[in-house]
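Here is a short tour to read alongside the model. Keep the chains in view as you go, and follow each residue as it comes up.

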Amino acid sequence: MAGKVLMRGTHVLGEAAIRAGCRAYFGYPITPQNELPEYMAAAFAKMEGAVFLQAESELASINMVMGASIAGARVMTSSSSPGISLKQEGISYLAAMELPAVIVNMMRGGPGLGNIAPSQGDYFQATKGGGHGDYRVIVLAPAYGQEIADMTRAAFDMADKYRTPVMILGDGMMGQMMEPVVFPEPLDPASFPKKDFVLDGCQGRPSRIVRSLWLDTNLEEELNWRLVRKYEIITEEIPDEEIYLADDAEVIVVAYGTAARIAKGGVHRAREAGQKIGLFRPKTLWPFPYEPLKRLSRKIRHMVVFEMSTGQMVEDVRLAVEGRCDVSFYGRPGGVVATPEEIARVLSGVYRRLDHGRGAAAESGHTFRSVGSA
Amino acid sequence: MPFPYRTGFTQFLRGASKVKKVFTRPMSLKDTPFHYCPGCGHSIIHRLVAEVIDELGIREKTIGVPPAGCAVLAYNYFDVDMAEAPHGRAAAVATGIKRVLPDKLVFTYQGDGDIAAIGTAETIHAANRGERITAVFVNNAVYGMTGGQMAPTTITGQVTTTSPGGRVPLRDGYPLDLSEMLGIAAGSVYIERTSVTTPKGIMKTRKALKKAFMVQMEDKGFALVEILSPCPTNWKMSPAQAVRWVDEVMTKTFPLKVIKDVA
Amino acid sequence: MLLKIIFSGFGGQGVLMMGYVLAVAGMKEDKHVTFLPAYGAEVRGGTANCTVVVSDNEIASPIASSPEYVVAMNYPSMIKYLNMVKSGGTMFLNSDLISEKPAREDLKTVSVPANSLAHEMGNDRALNMIMLGAVNAVAGIVSEKALAEAVETVLEGKKKTLIDTNQQALVKGSKYMCSGCGS
């Protein structure tokens, strides 16, 4: 295919951001995502008016993002789990001030310093608020190099459209891995419509304020409800998912990002063994695609949630399923990457325990705790 | 109901065509009464900043970044574009704005807790990068808005709600000379400490603020004016006592001077 | 087809470039490919490795827990990956630095004196492309043409002589295998 290039995930993200009109980047080094700021630094050095700044901390960098967003730029920061924890303060403010920004989290093993291997332990932090107060952040979860490119473009568009921070949730392996990618045509930031909240000096207009302090409780309540109304629109408009081989499936594995790729490998192996198993992959983690999963749960007998964590998204799956089918969980936390064969074993185990007229159904709510126990 | 003399006064003004207006609200201040306590320095400093913005003719290209603290509501008073920063992060927010809009003028307005405790890192690094911003640092040696707790600039022996027996350096640390520290940073260009307790001090502060904005307009680097400012409410003093305390006590720890000027 | 290959060696042996060139060649043939370098603390201390997956279908995992091929450019790499290679798989050994044979009966072993061959060419650093040429001659993962084109893509903007040298090294490695020497 024309224009296909082999690039690592972090570079794909950087290039896609630039093509989306991103002209400001602020960050602080942390493994495994350093190739992204390095890419931005190199690219912006050659672009007039583009701003790259290595800040003194994640705290400073997210607040520089705030400033750049206030000034009207399409702006991005990136980090990995411990650094994203530090950015949560600023993300809460961005949400409250209704400022667009794109935040990249290439998750690594945790909690604490953890390690630098790929992990999915930040699902709760990303999808349930993360910082203080009543807010949500749009969370996009790519699984393939091409999706990183496409979702990065979408992230900037959504951030501007809904005036809200958007997070791209990847992991260390996704950032390092190279895959073939075709990029969309670049956008010219000069062609973007002027944003009506931007602070650029009050020439020819009344002065503006960008704020998140509302001492009047009625006004603060109104802000909260306004955010909720916005989140309802987002929840209506953007949930996205991949449903794979589900038509005749009796068992579905639910996974996102890197885990979903591995799960798909597991599905292929199970299918080769004649087992009717499919895949559900949320591409948006917030808003979570509850409705399509709910519909699936009416005809599926058992869902296995696979995460590179001890079980976080499984709670959203249970909310979607509402007891209509069995849900069990299989996790590999701490930076361990499961193999497709391993997932196939887990899925086949569940499948065999289904009541095909010769045994009891698998127990709902079961967690396969120990390594390879299934 | 209008004051009884108002009609007459207006007629007096109309009739007196030779009377020149010598004192009025600066363009850069909104027509809103200040909420600050009696004897507080913020109102004076707000006015000085606004006067300087007017004088330099930069109202329509200035963006202000107020702090968390008593001056958090500064955006209710300044009639320029204002962006609220999280506590301590004004220098970082200002950096983001200035980098994207290098031809605009950006100032931060921060208290001692904001700039010298929780925001020390952001401030030092902004200064060290020679960030083209102007910082207005209001030092009243106490956390005002939260109710009078010990600040990084609380002087040795000073009683606050969290240093009830007075600040003891080996327990509570020494008062922090942030401005002197910033003077060491290679990227800072102009740093001066003034006070607003006397007419002379007020005029000096105005001059310093003007210079700090000009340093930015001339694209030279980081400029900061530290202003010693009375807080009678939290010092448990009358406004007159508070002014005297700044002049006689506080200036011993924080001497008024030009700390750095390589403009 | 789904092939997983691990390239491993010292830093400076051009191990990552071997994988990168192979992955680009796969892409040029419109195959699905992934290239995963080891990163961070794992690569401190001078070791380098990467995993390449080439497939006709979408790739699930870019990690190889039981690769079909392992290319060991030094002795520690052979030891590290010896137990991982799939039964019936192949280990390519840089025989200039590895004198032992792997202690597994179910593996094929291909020895390539990559350092010596590079030295013969008058370019000691070409050992990686010599090895890659040899690997591909045996494994037939991509066409020789795609591999040569991939070198051009990877070294785009570099000197023509450097591209030529690397392409010649691929050929030299390939010819070495075809002459029946590597066994």
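## A buried asparagine in chain C

C:Asn49 lies in strand 3 (residues 47-55) of chain C; helices (H or I, at least four residues) and strands (E, at least two) are DSSP runs, numbered from the N terminus. C:Asn49 counts as buried because its relative accessibility is 8%, where buried means under 20% relative accessible area, exposed over 50% and partly exposed in between (1.4 Å probe, protein chains only).

What does the side chain of C:Asn49 make a polar contact with? The partner is the side chain of C:Tyr81, at 3.3 Å. A polar contact is a pair of N or O atoms within 3.5 Å; within protein, one must be able to donate a hydrogen and the other to accept it, and residues adjacent in sequence count only if both atoms are side-chain atoms.

## How to read the model

This is a predicted model, in which local features need pLDDT of at least 70 and side-chain atom pairs count only at pLDDT 80 or more, while totals for chains, interfaces and linings use all residues. Residues are numbered from 1 along each chain as its sequence is written, chains are lettered from A and ligands numbered from 1 in the order in which they are written, and side-chain values use heavy atoms, with hydrogens and water left out.

## Where chain A meets chain C

Chain A brings 27 residues to this contact and chain C brings 21 residues, contact meaning heavy atoms within 4.5 Å. The two chains bury about 1,900 Å² between them, with 66% of it on carbon and sulfur atoms; buried area is the accessible area (1.4 Å probe) that two parts lose on being put together, summed over both. On the chain A side, A:Leu6, A:Gln176 and A:Met178 lose the most area to chain C, together 28% of what that side buries.

Two salt bridges cross the interface of chain A and chain C, a salt bridge being a side-chain nitrogen of Lys or Arg within 4 Å of a carboxyl oxygen of Asp or Glu. A:Lys4 and C:Asp30 meet in a salt bridge at 2.6 Å, N to O.

## Where chain A meets chain B

Here the contact takes 35 residues from chain A and 33 residues from chain B. About 2,600 Å² is buried between them, and carbon and sulfur atoms give 62% of that area.

How many salt bridges does the rule find across the interface of chain A and chain B? The rule finds three. B:Arg129 forms a salt bridge with A:Glu56, with the closest N and O atoms 3.0 Å apart.

## Strands, across and within chains

Strand 9 of chain A runs parallel to strand 2 (residues 81-83) of chain B, joined by two bridges; strands pair if DSSP finds at least two bridges between them. A:Ile209 has B:Met82 as its bridge partner.

Within chain B, strand 3 (residues 105-111) is mostly covered, with six of its seven residues buried. Strand 3 pairs with strand 1 (residues 62-65) of chain B in the parallel sense over four bridges, and B:Thr62 stands opposite B:Leu105. Strand 3 of chain B is also joined by five bridges to strand 4 (residues 134-139), again running parallel, where B:Phe107 has B:Thr134 as its bridge partner.
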